[in-house]
Amino acid sequence: MYALLTGPLLWLSLLVFFIGSLFRIIQMFRLAKKEKVIYPYMTVRHSLRSIIHWIVPFAGRNMRLRPFMTIATFAFHLSLFAAPLFLVAHNVILDARWGVSLWVLPETVADVLTLIVIAVCVFFFVRRMFAPEVLYVTSWGDVILLVLIALPFVTGFIAHHQFFASRAVLIAHIILGEIMLMLVPFTRLSHMLYFFFTRAYMGCEFGNVRNSRDW
Amino acid sequence: MLANRREVADPGIDNALKKLTPEKIEAVVRKVFNPKVSARLKVYLDTCVHCGLCSNACHTYNSRDKDPRYSPVGKVKQTIWEIIKKDYKVDAGFIKLAARIAFVECNACRRCSMYCPFGIDIAFFMMTIRRICHLLGVVPQYLQDTVNSHSTTMNQMWVQQDDWIDALQWQEDDANMEVAGARIPLEVEGADFMYSVIAPEPKILAQLLANMSIIATKAGLNWTMPATDGWDNSNMAMYSGDFETMARVEKLHWETALRLKVKKVVMGECGHAFRGAVYDGPKWLSWRKTPIPMVHAIEFYYDLLKSGKIKVAKKFAEPVTVQDPCNVVRGRGLGKKLRYIMNALCADFRDVEPRMEHNYCCAAGGGVINCGAPWKRDRVEGNKVKAEQIKQTGADVIVTPCHNCHSGIEDIIGFYKLKVHVKFISEIMVEVMEK
Amino acid sequence: MVDAINWDEKERMLLDLGEVKGCFKRCLEPLMNVMGDQAAVPVQTLADKWTMLVNGKPWDLLCDRIWHPRFSPDGRLTALVQLDDQWALAVDGVLSEERFDFIWNPKTSPDGAHIAALVKKDNRHTVLVDGKTWQHNYISIRDYALDHQGNVAATVQVEPLAEADIDKFFQGTWSVVYNDVLWQNKYINAYTPVIGPDGRTVSAEVRTDRLDYTIAIDDRAWSTKYECVWEQAHHPKTNAVVAPALHSGGWSMASNDGFIWDKKYAQLWHPKFSPDGTRLAVIASPTFGRWTIAVDDQPWKATFGDVVLDPVFGADSRHVAVVVKDNERWSVAVDGTVWGDTFDMCWDPVISPDGATTLAKVEKGGRYAIAINGRTGGQSFDGLWSPLFSPDKKSVLVKCREGDRFYTRVVGIGELLS
Ligand code: HEM
Ligand code: SF4
Ligand code: SF4
């Protein structure tokens, strides 16, 4: 089971993730070309200008207006990437399978990052439920997605610390992690892919066309 | 539960709804809202994480006790998402609400695009809804009437050709009394620039034309105005979703400038007209940019003051604040030049907060004021934040380099009983300049 | 007329404004006629009256205001004048018999034989043509056309419209009038009336429904309706009408039977038939943001980013020349090849009768010159009016202003380029 999950199924999930993502991006590029009025207005400079202003914490006015939210989302997204990618256990698998391995995080740091993800997921959930403007636009899908994000981290944390019958939890963790990966191209998680392009386009609309700025 | 919206009767919407069949609605919605042909529609739709971070961008949301139906994404939920949810099988009741949201509750000011982490263009969604409404014949009566004026007379206010020329000659005479030799040169081929304005100038604010004559004469400029249709740079068809009429108006405006062999067009103090003439119109007509440059009044006055062609005799004394018109500040980055002008003309300029690109819309723009009297209360109630913002400056005068802002803020001042007067830049300029 | 030009007279000074300036309070924009035998200036007398100064001699007519002075192609000087709060058309200093509440938009027929203008009487609009006003008047007149026989076709409002009456508007309140005879049908909108070469057929762009545009010929609309149409053109021989039309997001040329071109364009406007009718040139945007000329559905390879103006055919119908603008610079393209030099402004090119030479008035650094096949010589002027080829194609009629002096010269092409 474990071998299957960390072997062919890991392959599969990575494949779905990468090919799916590639497919979505190519599809977007082709559509944008057909729409005709997209590319003629775009420049690299204005694209980068906008992207940078939105991946640097507090660079935009709205981020400054909502400091708590800004810290939470940045902590969340960084941890979301860093924890799984630089986890010792994940890299051991990578090394065993394909002989590659990334730089790894100290275990306690990885633990903290995992807890951040879980905590911010809880915060996001609370916000969804109690901030009227967020609740108004929340659907079941949003909640389920949030749960699906949290679960791999919760189970991973449990498995690592061997709280329960850890074998089953570990299996669940791997399955959930792989599901999450495969969901990226096909759910709202695709915002991860599109972010750079929507930002780039708006950056050019505001910067290149309108001589203004969008942050 | 959220309180129901105030019922508003608008024959342009209500009567048209009676003629719609479910099949007709579905066909039109499918045709216009087709994410398969628009990368923007598709990607914006897929990318939105429903986070609500755009909500505090919108003056209508901020002015209505943070009622989530007025947040940008809330407007998308009630319109675009509903279409998807119902698989395009939306009914006349939906169209009625969608028309209200898109035509009256959104100014297409695009402030929210500066607050959404993804830069999602909510105004574009709303414009898509307006296009659907136009194709279905569901457009607020007064807005439609304005568009009818555009399609018929190529100007916004049914101004007859003779009245146009007459207004210019009469204002030329008026300007002559202030500055000897003042002119409004008509049909001068090969002048340096054509000056274009919006129809309220000849119709109700003719002294603004005399102001231009005084300023241009004093500055020694070589300019002209057309004595044919094509002089009006405004465009409400852009906002009603009637892009064919929008294009016809913009085409004529630019062809008039090309006919006069001018090197650029300078336009009066209006925001949406800049948007129509520089962005939306040319884009529909397949011009990537305008065929010759367009200079907004703010840039024009800035150059005159900066170069010393116009000198200030005695600065305006009363405390003055300013409104940043979305379409030329967020839409052209003229905020700094506007402040240069304010400081050059006024002794006591009090800036607003938030300012420049981040300033709030006047709530009249985006065609909303042209929806007319039935919607006036909704419009001014939807901009309480503007009233508070103006009040905070303690200014007695607010300068609005845009006709929509001018009227919109006058309405706000009246409704919230502020003791402030609204002026155009040119009014202050003519008052304080060396003549 | 052009035939009357004396090509043997090398130079003629028509006016030295410097000599007479002092007699007037103000002199406004000067103009010269096609043949180059008149230079005129609107002037304000010391007694605050306005008149036209022609070759240094003022009209006998003194007015309260004078505007829109234009030479007709046959050399007559027209102007719109105000006297005692009434308006009239002045032709060579002679007033039209009738006075009006207002007069505007004067036009002359291509040979200059006919002159028309729109006039306002009792708050209604009508047409003044060759000194006579139509019997009927209308709520409003917008566009009109005047042909070589003095016929006039105009778009007119035929139904009064109350404020914000959108229902009635969409039932149709506009129509077309031809020589004071109305079409029967009412349209939502009617634009750009054109009179066919036979002097009888009249066409116009019409809006037949909220979303439907098409062309109507003698009050019969084409059966096919389009999302949008632009100004139509009549074939000079067959009188067939074509127009650019938009259908499912693409523009093409349409006729009564639907599209006659195969290609779809991002934009298409201002169709022009060659004089012999064998070719059709249209301003075209083959892809978004690029502009060129399409001749018989074949766009030129060279495209331009800013704008392309109306195509001009040579007399032999073989060559097309056009003013183009790219990267903020103006130039001229002939048969798809753009001139090497660029300018601050270019005026409509003229193709020599043999098609070998194209010239155009151009502006550079605030001075005007004549560019010949893309080259300019050392001669430049403070003012310049439409240059003309001599019948032997060897010289050009140069009508120019140097300082206060107005000259007409016959200059050899070689000399112009040196
Ligand atoms: C460069 C990449 C990314 C950017 C710029 C980005 C940006 C954002 C932003 C602006 C939010 C809104 C915060 C909020 O929800 O209130 C958000 C939320 C979220 N993102 Fe990302 N994100 C990225 C990548 C990812 C990835 C890779 C994942 C997971 C696989 C992810 C999962 C989430 C989740 C679960 C939320 C919470 C949505 C909610 O509020 O329910 N993001 N992201
Ligand atoms: S009014 Fe402005 S801020 Fe509000 S939704 Fe419309 S575009 Fe966005
Ligand atoms: S801020 Fe952007 S992503 Fe978030 S709800 Fe608004 S539009 Fe959607």
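Biologist: How many of the residues of strand β17 (residues 174-178) of chain C are buried?

Modeller: First, the conventions: this is a predicted model, in which local features need pLDDT of at least 70 and side-chain atom pairs count only at pLDDT 80 or more, while totals for chains, interfaces and linings use all residues. Residues are numbered from 1 along each chain as its sequence is written, chains are lettered from A and ligands numbered from 1 in the order in which they are written, and side-chain values use heavy atoms, with hydrogens and water left out. A residue is called buried under 20% relative accessible area, exposed over 50%, and partly exposed in between (1.4 Å probe, protein chains only). Strands (E, at least two residues) and helices (H or I, at least four) are DSSP runs numbered from the N terminus. In strand β17 of chain C, five of its five residues are buried.

Biologist: Which strands pair with β17(C), and over how many bridges?

Modeller: Strands of a sheet pair through backbone hydrogen bonds, either parallel or antiparallel. Two strands are counted as a pair if DSSP finds at least two bridges between them. Strand β16 (residues 152-157) of chain C pairs with β17(C) in the antiparallel sense over five bridges, and T155(C) has V176(C) as its bridge partner. On to β18 (residues 181-182) of chain C, β17(C) is joined by two bridges, again antiparallel; here Y178(C) stands opposite V181(C). The hairpin of β17(C) and β18(C) has two residues between the strands, and N179(C) takes a positive phi near 45 degrees there.

Biologist: Where else in chain C does a residue other than glycine have a positive phi?

Modeller: One of them is N55(C), with phi near 50 degrees, in the loop between β5 (50-54) and β6 (57-58) of chain C. Another is H270(C), with phi near 60 degrees, found in strand β28 (residues 267-273) of chain C. N55(C) is partly exposed at 28% relative accessibility, whereas H270(C) is buried, with a relative accessible area of 16%.

Biologist: How is the order of strands in a sheet read, and what is the order in the open sheet of chain B that has parallel pairing?

Modeller: One lists the strands by their neighbours. In chain B, four strands form an open sheet in the order β6-β5-β7-β8, with parallel pairing. Its edge strands, β6 (346-349) and β8 (421-423), each pair on one side only. From one strand to the next, the twist averages 45 degrees; axes are lines fitted to C-alpha atoms, for helices over the stretch in contact, and angles run from 0 to 180 degrees between N-to-C directions. Strand β5 (residues 316-322) and strand β7 (residues 397-399) of chain B are parallel partners over three bridges, and T321(B) stands opposite I398(B).

Biologist: Which open sheet of four strands in chain C has antiparallel pairing?

Modeller: That sheet has the order β19-β20-β21-β22, with β19 (189-195) and β22 (220-221) of chain C as edge strands. Six bridges join β20 (residues 202-209) to β21 (residues 212-217) of chain C, and A204(C) stands opposite A216(C).

Biologist: How is a metal site read, and which protein residues are donors to the iron atom of ligand 1?

Modeller: Donors are N, O and S atoms within 2.8 Å of the metal (3.2 Å for Na, K and Ca); water is not among the atoms, so sites may look incomplete. Here the protein donors are H77(A) (NE2) and H191(A) (NE2), lying 1.9 to 2.1 Å from the iron atom. H77(A) lies in helix α5 (residues 67-85) and H191(A) in helix α11 (residues 191-209) of chain A, so the pair ties together parts that are 114 residues apart in sequence. H77(A) is partly exposed at 31% relative accessibility, whereas H191(A) is buried at 17%.

Biologist: What does the secondary structure of chain A come to?

Modeller: Chain A has eleven helices and zero strands. Of its 215 residues, 47% count as buried.
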